[in-house]
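Have the model open while you read, and turn it as you go. The tour starts with the whole chain and then moves in to single side chains.

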Amino acid sequence: MTVDYKGSDIILNDVKCLNLDLTLDCGQAFRWEKQKDGSWSGVVRGIFLNISKKGDTVILKNTTKENFESVWLDYFDFNKDYVGICNRLKQDRLLAPTVDAYYGIRILNQDSWEALCSFVISQQNNIKRIKGIIGRLCKAYGDEVCEGFYSFPSAQRLSSLTVEDFEALGAGYRAKYLERLSKDVAVGKIDLEKIKALSLDDARKELLNIFGVGVKVANCALLFGFGFYDAFPVDVWMKRVMEYYPNGLPECFDGIGGIAQQYLFHWARNNL
């Protein structure tokens with residue numbers, strides 16, 4: 001991959017194995033919006049971006065070199081060899097055709113706080129409702145960083161809210177979880193950076209100690225917000241997929257099970 005800086009735009013050439021539609025709308029992130037021209041717009045860590053891809057060229061609009069190097073390079077995992085990863089996953093004969101069919105799904109390295117909140121909201125919920133609740137949360141308590149686009153509110157900002165405030169956003173029974181989580185993170189009772197530095201098993205145990213966080217939510221947060229590529233979330237779709245692996249997951253998934261899971265999850269949603 002080569003990088004060209006052209007004014008307020010950044011052009012990435014020779015970007016392999018990245019499908020923006022699949023990556024930004026596969027249920028791992030909930031605040032990207034597809035535009036009429038086929039590009040995507042969203043806010044990450046309080047920074048707005050419009051991104052598009054033509055062939056192997058990726059265009060990041062209205063950003064800076066500093067933001068690219070400090071946010072977008074890591075967020076889109078541009079330095080990871082996804083071609084090599086996909087070739088390795090295709091050693092599994094069951095997964096190989098799925099990788100070919102949905103080639104270009106990447107794991108987004110999301111903000112830990114936003115990811116954890118988002119997947120608490122995701123419990124017993126569909127993607128449309130999840131996006132609605134998160135959108136209302138950001139509009140009500142985040143900062144408008146571009147017309148119609150808002151930052152995700154900090155734990156400190158949300159810590160002043162009541163259960164009723166979260167219920168007013170449509171959070172339902174999850175409101176009590178969000179209220180406690182916000183307060184515990186704001187005062188340091190829950191240290192997200194400390195959790196990121198733990199082993200996968202220990203990090204999962206820490207998240208499972210959080211009020212309202214079960215195994216599925218913990219694994220989703222670990223995979224999408226804490227950098228644990230071997231976390232393997234299992235929901236109703238993945239339970240059906242696991243019937244195809246009665247002897248457990250293949251060795252080629254080791255260390256990258258979460259990436260394999262995204263391909264399997266997308267296949268299940270479209271075929272089962």
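## Ground rules

This is a predicted model, so local features are used only at pLDDT of at least 70 and side-chain atom pairs only at pLDDT 80 or more, while totals for chains, interfaces and linings take in all residues. Numbering runs from 1 along each chain as its sequence is written, and side-chain values use heavy atoms, with hydrogens and water left out.

## The whole chain

Let's start with the overall build. The chain has 14 helices and 8 strands; these are DSSP runs numbered from the N terminus, with helices being H or I over at least four residues and strands being E over at least two. Along the principal axes, the C-alpha atoms fill a box of roughly 55 × 50 × 35 Å. A compact globule of 272 residues would have a radius of gyration near 19 Å, and the chain agrees at 19 Å. That radius is taken over C-alpha atoms, and the globule rule is 2.2 Å times the number of residues to the power 0.38.

Of the 272 residues, 53% count as buried. Buried means under 20% relative accessible area, exposed means over 50%, and partly exposed is in between (1.4 Å probe, protein chains only). Among contacts with a separation of 6 or more, 66% come from residues 24 or more positions apart; a contact means heavy atoms within 4.5 Å. The accessible surface comes to about 12700 Å², and 47% of that belongs to carbon and sulfur atoms. Areas come from the Shrake-Rupley method with a 1.4 Å probe, and for residues only the protein chains shown count as cover.

## The sheet

Now find the open sheet of 6 strands, which runs in the order β1-β2-β6-β5-β4-β3 with antiparallel pairing. β1 and β3 are at the edges with a single partner strand each, so one side of each has no neighbour in the sheet. Two strands pair if DSSP finds at least two bridges between them.

β6 pairs with β2 over 3 antiparallel bridges and with β5 over 5 antiparallel bridges. Isoleucine 59 in β6 stands opposite isoleucine 11 and is also the bridge partner of serine 52. Leucine 60, also in β6, is the bridge partner of isoleucine 51. In a regular strand, side chains alternate between the two faces of the sheet. β5 and β6 form a hairpin with 2 residues between them, and glycine 55 in that turn has a positive phi of about 65°.

## Helix α2 and its cover

Next, look at helix α2 (residues 65-75), where Asn67, Phe68, Val71, Trp72, Leu73 and Tyr75 are buried. What covers these residues? The cover includes β1 (2-6), β2 (9-13), β4 (40-44), β5 (47-54) and β6 (57-61). An α-helix has 3.6 residues a turn, so residues three or four places apart point the same way. Just after α2, aspartate 77 takes a positive phi of about 55°.

## Salt bridges

How many salt bridges does a search of the whole structure find? It finds 8, where a salt bridge is a side-chain nitrogen of Lys or Arg within 4 Å of a carboxyl oxygen of Asp or Glu. Lysine 34 and aspartate 21 meet in one of them (3.0 Å, N to O). That pair links distant parts of the chain, with lysine 34 in strand β3 (residues 33-34) and aspartate 21 in helix α1 (residues 20-24), 13 residues apart. Lysine 34 is partly exposed at 46%, and so is aspartate 21 at 36%.

Aspartate 25 and lysine 131 form another salt bridge (3.1 Å, N to O). Here the partners are 106 residues apart: aspartate 25 is in the loop between α1 and β3, and lysine 131 is in helix α6 (residues 127-141). Aspartate 25 has a relative accessible area of 37%, and lysine 131 has 28%. Salt bridges with shared partners also join Asp14, Lys16 and Asp56 into one network. Within it, the closest N and O atoms of lysine 16 and aspartate 14 are 3.4 Å apart.

## A nonpolar patch

Finally, check the surface around Leu94, Tyr244 and Leu272, which make a nonpolar patch of about 260 Å². Patches are made of residues with over 30% relative accessible area and no salt bridge; like charges are joined within 9 Å, and nonpolar side chains (Val, Leu, Ile, Met, Phe, Trp, Tyr) within 5 Å. Leucine 94 is in the loop between α3 (82-89) and α4 (96-101), and is partly exposed at 33% relative accessible area.
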